[in-house]
Amino acid sequence: MVAMSGRAWLRRAEMLGRWLAVLVMCYLGGVAATNLAPTVVKTEHYRAVLRLDVVPRPNPVLHAPTILGDVDLRFSSPLVAPGLDVAVSVRPEITGLLTRPDVSVDALEPTDTELSAAIRAAALGLGLRFVLGAAVVALALTLMVHYAMWRRPRRHYLWLVASGLVAACVVTGAGVSTTFRPDRFQSFTTTGVLGLVRRSAGMLTGVEARADEVTPYVRNLLAVSQALQAKFVPGDLTKPVAARFLLVSDIHGANQYPLMRSIIKEEQIDAVIDSGDLINFGRVQEGEASGLFKSIASLGVPYIFVSGNHDQGSPTDRSLLERLSRIPNVVLLQGPKGTYHELSFHGLRIAGFNDPRWFGDDNKDPVAKEAPAVDAFNRTMADQPEPDIVVAHEPYAVSYVKRAGILVNGHIHKAGLFGNRIQVGTFTGGGLFTHYTTGEDAELTGQPYAFDIATFGTACNLTRLARYSYRNLLEGRPAYDSIQVINGATIEPPDQPGGQQPEQAQGPPPAGTQQPTRSCSATDPTTTRNITPVPPGAEPPGTQPPATTTTIPTTGPTSTGRP
């Protein structure tokens, strides 16, 4: 009798083990289904992709990293609920919100109605996917028994599988439904830029107005610089010039063009050269919302531009270039269709190419990613006259340009000078989204603001490079960093990568011949040449296309005869 009871106990334990195995397999099948076909929910400014995690948690916190900071949604749970893996992204519409002068904390936080609707949609979507996945596993188990035994599964086995399926769905559903509900929602917290806006909303109010406020400070900085240059700079650097360029980069959506207008006026700038990252997320709407395009049009001088890795949202996105092409004073050195536009400005040849990278790529191996764009530019310009200035966004691109007088790049947010390569710092301190670095209870610290003024002489050579750096303008604590004036004659082209010297446009001149002497002047016409990219393996064209005279609206000063 005892032996019989022992065998019965073993049978019951065996059945319980099988039932638990079915329960676990159905649970895992349901979780797998939510991962293979994740649930997507949206609020006005956020988009979330939800997947069930394998590990249940007693007090689940939905932690989701985003490009603007981390979002944490905390819930209280009466039961143990499955974990949730949530990938939250900021919807493009938020870029307009964050560039408004009246941005507030309440505007960033989802409303109760939005949260309720999103939570209901998430619970329904996850529940349906879980039930479907668990049911598929239960059916698969039943079919396996059927074909393994070559007979219809017994009733007790069908009951075991069905009850395991029901239990997995009921227990999981009870945990999810009693936890992720509006009345169980406890808190909404943010970090990074989103947290910065929540903690310091007043600081972000009226960024453009603050740029106006700090203009007198920068004007004084320029006045000091001019006085020092007049007293200490050698006389040969103050001869009449052909053109004076304002070099800027990495605007990142911050409309500080009132400050740029002041610099253009005070320093008698002939044209602006922007080496990219005009916006943050590769969306034209961001520039429209912050008024960038209207401000560029109001500068009164040509705005020469190449795109950066934040200026397109995909490898084929050209919407920003197309929008800029409609602004009369903008000159794109490479157009939306890939055609190069070599600009002859006051006799100087200016060329450049767009960044092939885009906002959202994996940010790995930038040298390899830049290589196709560099190769295409080198291949196309091989039989063209050597440009006086070549502009691209990233140093990994311009560093491999084979023929150029002066190279200009941005991207690093830090000014530098490497041989003939001028690395421009960020004009706006990186914009609102990359300007500030914060720590626990730490004071906000801004990246330095920087711009350069490059002066070219009548011999078409760089005669002077003036570099400015300052910080803490938006914080209301302007601080001088440095003013540096560099003799352009000391900026020599370095060896090219691999130890090769820069190639010459037409090879060495024949013996007994003399190189023609070029001259540049503000009276020279402004023209562009459209140069079609040469595909790999093709020979460069033997003839150059004719120049096309362009009319670029400008009310800026002329350079003839001025110091």
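**Figure 1. The largest nonpolar core of this predicted model.** Welcome to the inside of the protein: the largest nonpolar core has 33 residues, and those touching the most other members are Leu246, Met260, Leu278, Tyr303 and Leu324. Several elements each supply at least two residues of this core, including strand S7 (241–248), helix H10 (292–297), strand S9 (303–305) and helix H11 (319–324). Strand S10 (330–332), strand S19 (449–457) and strand S20 (462–471) also each supply at least two. Helix H8 gives the largest share, five residues. Apart from this core lies another one, made of 28 residues, among them Ile422, Val424, Cys460 and Ile491.

**Figure 2. Helix H8, a mostly covered helix.** Here we follow H8 along residues 257–266, where seven of the 10 residues are buried. Which ones are the buried residues of H8? They are Tyr257, Pro258, Leu259, Met260, Ser262, Ile263 and Ile264. After the helix comes Gln268, and its phi is positive, near 55 degrees.

**Figure 3. Tyr303 and the residues it touches.**

**Figure 4. Asn329, a buried residue in a loop.** Look for Asn329 in the loop between H11 and S10. Asn329 has a relative accessible area of 3%, so it counts as buried. Its side chain reaches the backbone oxygen of Ile296 at 3.0 Å. The backbone oxygen of Val301 is also reached by the Asn329 side chain, again at 3.0 Å.

**Figure 5. A salt-bridge network that includes Arg357.** Side chains of opposite charge can pair when their charged atoms come close. In this view, Arg357 forms a salt bridge with Glu394, at 3.0 Å from N to O. Where do these two residues lie in the chain? Glu394 sits in the loop between strand S13 (389–391) and helix H13 (395–398), while Arg357 is in the loop between strand S12 (348–352) and helix H12 (366–380). The pair links distant parts of the chain, 37 residues apart. Arg357 also forms a salt bridge with Asp361, where the closest N and O atoms are 3.1 Å apart. Arg357 and Asp361 are both buried, and Glu394 is buried too. Through shared partners, salt bridges join Arg357, Asp361, Asp362, Lys369 and Glu394 into one network.

**Figure 6. The salt bridge between Arg518 and Asp388.** The closest N and O atoms of this pair are 2.9 Å apart. Why does the pair tie together parts that are 130 residues apart in sequence? Arg518 lies in the loop between strand S21 (479–487) and strand S22 (527–531), and Asp388 in the loop between H12 and S13, so the bridge spans that separation. Arg518 counts as partly exposed, at 30% relative accessibility, whereas Asp388 is buried, at 9%. A search of the whole structure finds eight salt bridges.

**Figure 7. Confidence along the predicted model.** The protein has a mean pLDDT of 76, and 65% of its residues reach 70 or more. Residues 101–105 have a pLDDT below 50, and the model gives this stretch 10 contacts beyond near neighbours in sequence. Over residues 495–515, pLDDT stays under 50, with 23 contacts beyond four places in sequence. Where pLDDT is low, the predicted coordinates should not be read in detail.

Technical notes
Residues numbered from 1 in each chain as written. Predicted model: local features only at pLDDT ≥ 70, side-chain atom pairs only at ≥ 80, totals over all residues. Heavy atoms only, no water. Buried < 20%, exposed > 50% of the residue type's maximum accessible area, 1.4 Å probe, protein only. Helix = DSSP H or I, 4+ residues; strand = E, 2+ residues; numbered from the N terminus. pLDDT = per-residue confidence, 0-100. Contact = heavy atoms within 4.5 Å. Core = buried A, V, L, I, M, F, W, Y, C linked by side-chain atoms within 4.5 Å. Salt bridge = Lys/Arg side-chain N within 4 Å of Asp/Glu carboxyl O. Polar contact = N/O pair within 3.5 Å; in protein donor to acceptor, adjacent residues only side chain to side chain.
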